[in-house]
Amino acid sequence: MGSLTGIRLSNHDVTVAAVKRGAGARPELVAFRSAEVTDGDVALALRELLKASGLERSSCSVILGSDEYQLLMVEAPEVGNNELRAAMRWRVRELIDFHIDDAVLDIFQVPRGATANPHQMLFVVACRSAVIAEYVAAAEKSGCRLKVIDVTELALRNIASLLEEDVSGVAMLHLEPDFGVITVTQQGTLYLSRQISLGYRQLVGLEGQADLEFQLDNFVLEVQRSLDYYERQFGQPPVRALYLTPLPTRVPAIDAYVDSQIGIPVKPLDLNRLLSIDEPLGADDQARALLPIGASLRLEQEEA
């Protein structure tokens, strides 16, 4: 197939998606399936799902769970490329919540800013080596060929690259049950990512309009801070739009309220408009497929 199969694993369910790119055409969603995990055997569930999807022995990109890694923005040390990873381990040892000897790091560049600070900044992904080993073992047992272990922020970047606004800058707000992620990308490059501690589950559980607006004000504040930082730090004009990723449950008025509070258009992200899909995906399926699709859209030659 020539592309990656995007995979998201949890103790409860497994989701796979595969997207085929073609010159001059919208990417085509050629496979999407999800299944519950029975008897706690994630690898078995993945193997059966890959077989049912016709993706046995495919090259795969697996998304880490949100609680399994930390994404940091750190000033690059002044060392040669061959010494960079060792130097970064020393630099981030106090920034992660587990011992550096147990950490696997991945590094990719932040675009240079427009401020007087001459130092290059780097994104650093830090994950426990035991977590990586579990994913490798699950992939081997399922039969897929693991090429990449990916993160939410880069999956969102891959999807944002399909939006017309990404040419000059676009923001995305993605909500998980108990947290959210704000990203700003431009021309397929991640400029910043900010995690917020409120997810859609808390919003759905609110009883009154006043409580809902209070929490949505927190979203607006975090979004505005992110957009201000992007413009100031990188010397960029305002982003052209903020997209809200699909949710498995309806949150009343979130798009309209955020749209009324910030000075850029707020739009729902609709995968049916970005991809060629035989049968349109409903909101629940879009929410489930979003990150695996983002993982599948990754270009295999990328290092990060």
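The points below describe selected features of the structure.

1. The model is predicted, and local features are given only at pLDDT of at least 70, side-chain atom pairs only at pLDDT 80 or more, whereas totals for chains, interfaces and linings use all residues. Residues are numbered from 1 along each chain as its sequence is written, and side-chain values use heavy atoms, with hydrogens and water left out.

2. Strands β2 (residues 13–22) and β3 (residues 25–36) run antiparallel and are joined by 9 bridges; strands are taken as DSSP E runs of at least two residues and helices as H or I runs of at least four, both numbered from the N terminus, and two strands pair if DSSP finds at least two bridges between them. The hairpin of β2 and β3 has 2 residues between the strands, and G24 takes a positive phi near 75° there. V16 has R33 of β3 as its bridge partner.

3. S53, in the loop between α1 (42–52) and β4 (59–63), touches V16, A31 and R33 when residues up to four places away in sequence are not counted, contact meaning heavy atoms within 4.5 Å. S53 has a relative accessible area of 15% and is therefore buried, a term that means under 20%, with exposed over 50% and partly exposed in between (1.4 Å probe, protein chains only).

4. The largest nonpolar core has 62 residues, of which L9, L203, F219, L242 and I254 touch the most other members; such a core is a set of buried Ala, Val, Leu, Ile, Met, Phe, Trp, Tyr and Cys residues joined through side-chain atoms within 4.5 Å. Helix α6 (residues 209–234) gives the most to this core, with 8 residues. A second, separate core of 28 residues includes L29, F32, A289 and L297.

5. There are 5 aromatic pairs, where rings of Phe, Tyr and Trp (its six-membered ring) pair if their centres lie within 6.5 Å, and planes under 30 degrees apart count as stacked, over 60 as edge-to-face and the rest as tilted. The rings of Y191 and F234 have centres 5.0 Å apart and planes at 85°, so this pair is edge-to-face. This pair links distant parts of the chain, with Y191 in strand β11 (residues 189–196) and F234 in helix α6, 43 residues apart. The rings of Y230 and F234, with centres 6.2 Å apart and planes at 50°, form a tilted pair. Ring pairs link Y191, Y229, Y230 and F234 into a cluster, in which Y230 is buried at a relative accessible area of 0%.
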